Amino acid sequence: MTIVLTPVWTNGVQKLKVEPGPLAKLPRGLTPPALEHNVHRMRCLAQLRSKDKNIEKYIYLSQLKDADPNMFYKICIENLSEFTPLIYTPTVGDACLQYSHIFRRPEGMFISIKDKGNIGKVLRNWPCIDGARIAVVTDGSRILGLGDLGVNGMPISIGKLSLYVAGAGIRPHSTVPICIDVGTDNKAFLEDPLYLGLRQPRVSEAEMNEFMEEFMHEMSVVFPELLIQFEDFATDKAFSFLSTFRNRYPLFNDDIQGTGAVVLSGFLNAAKLSSAASGRPLADQRILFLGAGSAGVGVSMQLTSFFKLQGMSEEEARQRIWLVDSQGLVYDSRGKLAEHKKYFSRKDYDGPPMTNLVDIIDHIKPTALFGLSTMKGAFNQAVIEKMSEINARPIIFPLSNPVSLSECVFSEAVEWSNGKVIFASGSPFPEQTHAGRTLYPGQGNNMYVFPGIGLGAILARASSITDSMIEAASLGLADSLTDEERALDLVYPRIERIREISAQIALSVIRTAQKEGVDKSSDLRQLDDTALLKHIKGKMWNPSS
Ligand SMILES: NC(=O)c1ccc[n+]([C@@H]2O[C@H](COP(=O)([O-])OP(=O)(O)OC[C@H]3O[C@@H](n4cnc5c(N)ncnc54)[C@H](O)[C@@H]3O)[C@@H](O)[C@H]2O)c1
Ligand SMILES: O=C(O)C[C@H](O)C(=O)O
Ligand SMILES: [Mg+2]
């Protein structure tokens, strides 16, 4: 028997331990006489497509994953561009907002502040400790651009891990979605009788830090082979937990480092397109960020480190970046600044606060404009027209998620730039026709890199995730465009190729881990690139047919 069918979570222990196999291979008598895999695949797709609302599709797919993971991943991998917006961004945003209402059965671990002092014991309740290789951990404090959603953040961990399986072939039972519940400051949730989390405000910073020390230690004891991805922690915690723990445990922060990697990659391809139109070299790019939080600063750091790699001095590299936050341009004489903004704060401006984005663009003359601000519509007609006036091909990336918070939509960017825009957004948008040409939006979302980073780090058994490993993932992604994709002016590869791309990224990550001496799988050092790529592909899990 390949799948144990049981509606009970405690019996689900057994199910999670078994490699999910096709429903049609169950013993005689347990399925209808004419159940046939390929027809059932069509049946599942038809059931999915019969639903009008994306949230209904999300619920259907969650249940399919629970009942028949093999079929879920089979049809997911075969229909990636249809499935990713349903199981991941943007629909996962709605799933988080409604989680306490649409909840059927748990799919991950809930570790709460009430477990403090006892976290190891609780973690040992996970049904598949030995196989666990990757956990996505959130505390729900900054879910996409939707704010503090408390325990309703769980679908983010689940959605990211589904992409690890679909996009990088991580075994389903090796994934551990985790939501930490230390309270929420979301008043509406606290008053909602169906809310599934602790009914208390978030604990103090000191209490949270103590909790995280115990949590991380116990995670390393209970799951010694586990890589951790921190996800959607509010800004201060995102930076502080990354720096506190990154040299002690194998982990990375997706919003800071994953986003840095994916945006650098798209920027490099976009800069080639813009340079073909303007003749401006990469070293003359001027990059303006709307949003100076974990993602904005994470991407800025990644770009700076890349510019340094190209031979710029640290100061020259930093001078390429301008940040704008909710109070306008970030500069030294503006007054007190949050720690994470200081490095990029400008010293070459000391006038009155500059808050209007068009004025800021006029002052800086950026070649690229990135939005990580959660400010829906901030890239309005005047902004896009100004960018198009000063650039032959403006690079405009509204990266905030979900769709409802995007700084602009693709159709607007095309229309207001008269088709000149080089565009990538955090959430997906449909292609557009302009002057008889089809224009394609890129999706600048960390989903392109975290599966490959995870796969590489797991196979190398990396003891830590270094900056160079993240950079290698970024450059590997940038180089992965095919001639056909380049001819269409794409800045990211087609998502349908994610498995091939994840394998390539994993190769770059493993090689870099080896150079930096953080690989525990030292046997992989003997393999040449062809053999290593074959090894990586051979390790990727596939749903059976
Ligand atoms: N595309 C991706 O892969 C990706 C990755 C990570 C984050 N994001 C998205 O980026 C957004 C921000 O995430 P974060 O982790 O940096 O959040 P954050 O809370 O750390 O930062 C938000 C930033 O936006 C700024 N901001 C708020 N209002 C503003 C305004 N009116 N004008 C200018 N700036 C304003 C804040 O000052 C802050 O600097 C979210 O929507 C998130 O979903 C996208
Ligand atoms: O989850 C996403 O779609 C990307 C990113 O991690 C985010 O926080 O927005
Ligand atoms: Mg995130």
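1. A word on classes before we start: Ala, Val, Leu, Ile, Met, Phe, Trp, Tyr, Cys and Pro count as nonpolar, Asp, Glu, Lys and Arg as charged, and the others, Gly among them, as polar. With that in hand, the shell around ligand 2 divides into one nonpolar, five polar and three charged residues. Please keep in mind that this is a predicted model.

2. Which residues are these? Around ligand 2 you will find Thr89, Leu144, Asp232, Asp254, Asp255, Asn401, Gly426, Asn445 and Asn446. Domain 1 (9–249) and domain 2 (257–445) both contribute to this shell, so ligand 2 lies between them.

3. Now have a look at ligand 1. It has 29 residues around it, and those that come nearest are Gly145, Gly293, Ala295, Ser400 and Gly426. Sorted by class, the shell around ligand 1 holds ten nonpolar, 16 polar and three charged residues.

4. Where does the shell around ligand 1 come from? Domain 1 (9–249) and domain 2 (257–445) each provide at least three of its residues.

5. Strand 2 (residues 134–138) and strand 3 (residues 175–181) run parallel and are joined by five bridges. Here valine 136 stands opposite proline 177 of strand 3.

Conventions:
Residues numbered from 1 in each chain as written. Chains lettered and ligands numbered in written order. Predicted model: local features only at pLDDT ≥ 70, side-chain atom pairs only at ≥ 80, totals over all residues. Near = placed C-beta within 6 Å. Domains from an automatic or database assignment. Pairing = 2+ DSSP bridges. Helix = DSSP H or I, 4+ residues; strand = E, 2+ residues; numbered from the N terminus.
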